[in-house]
Amino acid sequence: MGILLRNQSSKVPRLDFELTPGCDHKCGHCYNVWNAKGDDPQAGYPKGQLKTESFLKMMEKAVTESGAEHITITGGEPLLRKDAMQIIGKACSLVPSVQLITNGSHVPEETARALAEFGVRAVQLTLLSADPDRHNELKGADCFNDTVRAAVNLKEAGVPVQICFVSMHQNWSDFGDVMELCFALGLSSISYNRMSPTGWAIHEIKRLLPTVEQVEHNLNTAERLGPQYGIQVATAMPVPPCLIRLDRYKWVTFGFCSVGTHSPNITIDALGNVRSCNLSSHIMGNIQFQPWSDIYQDKYFHSFKKQVPEMCRGCHYEQSCQGGCKESGFATYGDLKHPEPFVAQTLPS
């Protein structure tokens with residue numbers, strides 16, 4: 001941790017580590033880039049994972065050379081790895097802040113207690129509906145009870161829990177009930193994501209993509225129920241301000257694409273490949289074999305923010321919003337400058 005960085009300008013505050021591409025759920029909205037098929041623009045992304053010793057060395061090298069002070073552990077489903085707890089424990093020894101993102105099917109009481117002992121800052125669980133059947137249908141697995149049980153186990157162990165709600169055409173109307181269930185469970189944080197298709201999810205756009213009106217309804221619900229229930233709501237996927245006036249919302253915290261900012265959401269997969277975010281299939285380099293300072297100079301990473309849809313040029317929010325999720329635009333249409341699906345659905349056909 002005390003090793004001098006090769007290049008101070010390449011320092012980043014956080015890193016996401018994907019432990020495995022494997023998952024036991026079959027979500028239609030799954031954004032994992034390695035699930036792209038056939039002629040999809042993101043097809044051909046390498047799958048696989050390093051063995052334990054190699055993964056631990058790779059993670060330590062990445063943290064040491066990047067200067068990161070926060071790690072998010074994700075996947076696929078990270079807890080499917082037999083050595084997942086060993087990796088999480090190592091992460092907690094490397095940085096002061098670690099978050100785990102899991103589908104909720106693998107958090108019995110002993111796992112929750114172990115995560116508490118490690119000092120994990122928070123665990124994020126996906127909850128797509130307060131209705132068990134609808135949640136299970138959208139997750140492609142019988143997992144509602146597991147998710148609720150995981151939330152209870154974590155809370156009893158003293159580990160903060162954040163619920164991730166992905167808004168889709170099939171479940172947007174359930175958001176208020178999810179907030180009510182969170183309140184009943186004693187949970188106080190929700191990450192609100194409108195579906196942003198990459199990977200396999202580009203084939204589910206017609207079935208799952210929410211409308212602007214549906215997302216706006218959800219934000220109104222968050223603004224109304226958030227203060228009442230004491231639940232903080234933050235958006236993870238960008239909501240373009242040209243579609244919804246964000247200044248009307250005082251309770252909801254809005255986030256935009258982090259690529260090109262002081263706090264990029266850089267992702268490292270289970271083979272050590274480095275990407276600008278978890279929705280991107282562009283490999284900047286491999287931290288096993290290359291120095292971080294070289295990887296960080298990747299042209300794609302540094303030119304990304306300049307590539308926005310033509311319709312967004314000159315907009316007051318051009319540099320902050322960047323047209324929404326450009327990786328979703330690339331995954332769907334093969335072009336970073338093409339309006340992404342959430343925006344494209346509002347344009348004249």
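Is C242 buried or exposed? C242 is exposed, with a relative accessible area of 61%; exposed denotes over 50% relative accessible area, buried under 20%, and partly exposed the range in between (1.4 Å probe, protein chains only). The legends below describe a predicted model in which local features require pLDDT of at least 70 and side-chain atom pairs count only at pLDDT 80 or more, whereas totals for chains, interfaces and linings use all residues. Residues are numbered from 1 along each chain as its sequence is written, and side-chain values use heavy atoms, with hydrogens and water left out.

**Figure 1. Overall fold of the protein chain.** The protein chain contains 13 helices and ten strands, taken as DSSP runs numbered from the N terminus (helices H or I, at least four residues; strands E, at least two). The C-alpha trace spans about 50 × 50 × 40 Å along its principal axes. Buried residues make up 57% of the 349 residues.

Figure 2. The average pLDDT of the protein chain is 95, and 98% of the residues score at least 70; pLDDT is the predictor's confidence in each residue, from 0 to 100. Over residues 1–7, pLDDT stays under 50, and the model has 13 contacts beyond four places in sequence for them, a contact being heavy atoms within 4.5 Å. Where pLDDT is low, the predicted coordinates should not be read in detail.

Figure 3. The whole structure holds zero disulfides, a disulfide being a pair of cysteine sulfur atoms within 2.5 Å. For C242, the nearest cysteine sulfur is that of C321, 6.2 Å away. The sulfur of C257 lies 6.2 Å from the closest cysteine sulfur, in C277, and is therefore too far for a bond.

**Figure 4. Nonpolar cores.** The largest nonpolar core has 80 residues, and L15 and F17 have the most contacts inside it. Such a core is a set of buried Ala, Val, Leu, Ile, Met, Phe, Trp, Tyr and Cys residues joined through side-chain atoms within 4.5 Å. A second, separate core of eight residues includes L138, C164, V166 and M195. Residues touched by L15, beyond four places in sequence, include A62, V63, I266, I268 and W292.

**Figure 5. Packing of helix α2.** In helix α2 (residues 84–94), the buried residues are A84, I87, I88, G89, A91, C92 and L94. These buried residues pack against α1 (52–66), β2 (70–74), β3 (97–102) and α3 (109–118).

**Figure 6. Loop residue L271.** L271 is placed in the loop between β8 (267–268) and β9 (273–275) and counts as partly exposed, at 21% relative accessibility. Not counting residues up to four places away in sequence, L271 touches P46, K47, G48, Q49, L50, N286 and Q288. The C-alpha atoms of L271 and N286 are 7.9 Å apart, for a sequence separation of 15 residues.

**Figure 7. Backbone geometry in two loops.** G75 and G76 are joined by a cis peptide bond with omega of about 20°, and G76 lies in the loop between β2 and α2. Q322, in the loop between α11 (318–321) and α12 (326–333), has a phi near 60°, a positive value in a residue other than glycine. At 1% relative accessibility, Q322 counts as buried.
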